[in-house]
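This report describes the fold, the surface and the charged pairs of one protein model. Please consult the sequence and coordinates shown here while reading.

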Amino acid sequence: MKYTNLLYLFVAAFLATSALTFSSCKKDDDTKAAPTVTLDVTSFTGKIGQTASVAVVVVAKEGLKSLTITKYLGTTVDASYGTAGTKTVTTLTHAEDYVLNEEGLSAPVRFKFEATDNKDQVSSADFIVTTEASTSYLLVKYNWQWKSKV
């Protein structure tokens, strides 16, 4: 009789432990990390006429849906770039070149690289270009009139 009670107690404890174990285990969340956007440089400062270049590398474990590049002049989107200020590519690597001109004298130029993967997860990085006036620009474009005092 003692062995049967002990056996029932052992079976009841095993069933309780099993039920507790299976009810507390949650299914592992299979979400992948969001894509990452890496730039070889994050900023460039130069004079008018120089070329700013940046290499973009995207790592997307879920596959890349698109890499959207938006150009900003200060805080506003530059509508003259691409289609209404944006350009879309679908490659994991991209090189962007920008020739510095007068538009960057009043406000910095910013390129935002935004990667979207196939699960619609988004990641972004910014490339900021600061333009300085060159000597030749100042000689040609600056208002050199002298004002005389009578």
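In what order do the elements of the protein chain run from the N terminus on? The order is α-β-β-β-β-β-β-β-α-β-β-α, and the protein chain has 3 helices and 9 strands. Helices (H or I, at least four residues) and strands (E, at least two) are DSSP runs, numbered from the N terminus.

The model is predicted, so local features need pLDDT of at least 70 and side-chain atom pairs count only at pLDDT 80 or more, whereas totals for chains, interfaces and linings use all residues. Residues are numbered from 1 along each chain as its sequence is written, and side-chain values use heavy atoms, with hydrogens and water left out.

Of the 150 residues of the protein chain, 27% count as buried; buried means under 20% relative accessible area, exposed over 50%, and partly exposed in between (1.4 Å probe, protein chains only). The accessible surface of the protein chain comes to about 10700 Å², and carbon and sulfur atoms hold 59% of that surface. Areas come from the Shrake-Rupley method with a 1.4 Å probe; for residues, only the protein chains shown count as cover. Among contacts in the protein chain with a separation of 6 or more, 65% are made by residues 24 or more positions apart, where contact means heavy atoms within 4.5 Å.

**Strands**

Strands S1, S3 and S7 form an open sheet of 3 strands in the order S1-S3-S7, with antiparallel pairing. Strand S1 (36-39) and strand S7 (93-99) stand at the edges; each has a single partner strand, so one side of each lacks a neighbour in the sheet. From one strand to the next, the twist averages 25°, with axes fitted as lines to C-alpha atoms and angles running from 0 to 180 degrees between N-to-C directions. S1 and strand S3 (residues 51-59) are paired in the antiparallel sense over 4 bridges; two strands pair if DSSP finds at least two bridges between them. Valine 37 has valine 58 in S3 as its bridge partner.

Serine 43 lies in strand S2 (residues 43-47) and counts as partly exposed because its relative accessibility is 47%. Beyond its neighbours within four places in sequence, serine 43 is in contact with Phe127 and Ile128. Serine 43 and isoleucine 128 are 85 residues apart in sequence, yet their C-alpha atoms are 4.6 Å apart in space.

**Salt bridges**

The whole structure contains 7 salt bridges, each a side-chain nitrogen of Lys or Arg within 4 Å of a carboxyl oxygen of Asp or Glu. The table presents some of them.

| Pair | N to O distance |
|---|---|
| Lysine 65 and aspartate 120 | 2.5 Å |
| Lysine 71 and glutamate 103 | 2.7 Å |
| Arginine 110 and aspartate 126 | 3.3 Å |

Lysine 71 in strand S4 and glutamate 103 in helix H2 (residues 103-106) are 32 residues apart, and their pair links distant parts of the chain. Lysine 71 counts as buried because its relative accessibility is 6%, whereas glutamate 103, with a relative accessible area of 25%, is partly exposed. Lys71, Asp78 and Glu103 are linked in a network of salt bridges.

Aspartate 126 counts as partly exposed at 30% relative accessibility, as does arginine 110 with a relative accessible area of 21%.
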